[in-house]
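Here are my notes on the model you sent. Please read them with the structure open.

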Amino acid sequence: MRLPNGYGSVHKLPGKRRRPWRARVTTGWTEDKRQEYYTVGYYETRAEAMDALAEYGKNPIGEARDKTFGEIYEKWSKSKYPKLDRSTVNGYKAGWKRLQALEDAPIRYVKKSHLQEIIDKMDAEGLSRSTLEKTKTLAVILFSWAIGDEIVKTNHGSAVELPAVEKKEKETFSEPEARKIAKHGEAGDIWAGTVSILIYTGMRISEMLELTKFSVDREEWTIRGGLKTEAGRNRIVPIHPKIMPFIQYWLTQPGDRLITRDGRPISANYYRRYLYYPTLERLDVRRLNPHCTRHTFLTMLDKAKVTKKVQQELAGHASYKTTAEYTHPDIEVLREGIKAIP
């Protein structure tokens, strides 16, 4: 049966092929009067090819069907990155560095196996679980974007399998290590002092670096801060005597933030790479990751037999009153918990 002019064509390709039937449409003419084609797809039967051609006729996406993985990423990132915080954007950019191997492939040709190969390679290189998760999440987002434009119908990112989570015992700094770090801070090593602040407040790096001088109550000598969870925001942490000199030092330094470098804010990545790990190496202390300072804080509270309720409030793991609702006894209970740490 002859198809109407401009409708497209279906024909069988030679040789043994799993999908020998090709459906295509003419999109234009070259300067030497040769036809230019857009291939709708390849199919096992003529009937499937005809159905695909008919569907294309109802919704002729045209060149959008050939949008590459990279083009989808560019379109999505330009739209979304300005609305996301820096940490989230950096996570997605790190994931894209891996997925970028597929940037020139039309997204409709990217399958689960292609994505899985990238994830498996990352796992073999020993990259963190969170990095693998962020990369998979980005793939899911890009396929969702393409589905929204009806370029693809299946989200192959969702099918990617991540390695099983291995439960590891949480490492902490030993008491001698914590004392050693504090001793170097007292001797004038300002960055050792910041590691002690992490250990004796239970703050994450990003939380500590977001503190401003107004985060410190100089009458009660407490720190108000926190970022990650609703329970963690604006929690009150009394300043332990061992880190009081470090806090007082930073209060005299230039800049609006409490901890800065020459008065300028420090990013979490910069602190981790150029200040935290080099400090541990300089002090000949085990290279534990920054989150271990938080585990150390909670372990010290537990060893000091501080109640679970106080531990939760100090760590920001439980809902509690806002600063305005804290009464003096409330703060005193937290202060006693902090002072219990040797």
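1. Is Trp221 buried, exposed or partly exposed? The model is predicted. In it, Trp221 has a relative accessible area of 23%. That value lies between the 20% and 50% cut-offs, so Trp221 counts as partly exposed. Trp221 sits in the loop that links strand E4 (216–217) to strand E5 (222–225). Its phi is near 55 degrees, a positive value in a residue that is not glycine.

2. Asp262 also deserves a look. Its phi is near 55 degrees, again positive without being glycine. Most residues other than glycine have a negative phi. Asp262 belongs to the loop between helix H9 (244–251) and helix H10 (268–282). Asp262 is exposed, at 66% relative accessible area.

3. Next, a helix pair. The axes of H6 (residues 175–186) and H7 (residues 190–201) come within 7 Å and cross at roughly 135 degrees. The two helices are therefore oblique to each other. Their crossing is left-handed. H6 contributes Ala178, Ile181, Ala182, His184 and Gly185 to the contact. H7 contributes Ala192, Gly193, Val195, Ser196, Ile199 and Tyr200. By class, the contact has seven nonpolar, four polar and no charged residues.

4. Now the cores. The largest nonpolar core has 49 residues, and Phe173, Ile181, Ile259 and Tyr271 touch the most other members. H7 supplies the largest share of this core, seven residues. Apart from this core lies another, of 25 residues, including Val110, Leu132, Phe143 and Val160.

5. Check Phe173 in detail. Leaving out residues up to four places away in sequence, Phe173 touches, among others, Ile181, Ile199, Tyr276, Leu280 and Arg286.

Methods. Residues numbered from 1 in each chain as written. Predicted model: local features only at pLDDT ≥ 70, side-chain atom pairs only at ≥ 80, totals over all residues. Heavy atoms only, no water. Axes fitted to C-alpha atoms, helices over the stretch in contact; angles between N-to-C directions. Helix = DSSP H or I, 4+ residues; strand = E, 2+ residues; numbered from the N terminus. Parallel < 35°, antiparallel > 145°, perpendicular 65-115°, else oblique. Left-handed = near helix turned anticlockwise from the far one by under 90°. Contact = heavy atoms within 4.5 Å. Nonpolar A, V, L, I, M, F, W, Y, C, P; charged D, E, K, R; others polar. Core = buried A, V, L, I, M, F, W, Y, C linked by side-chain atoms within 4.5 Å. Buried < 20%, exposed > 50% of the residue type's maximum accessible area, 1.4 Å probe, protein only.
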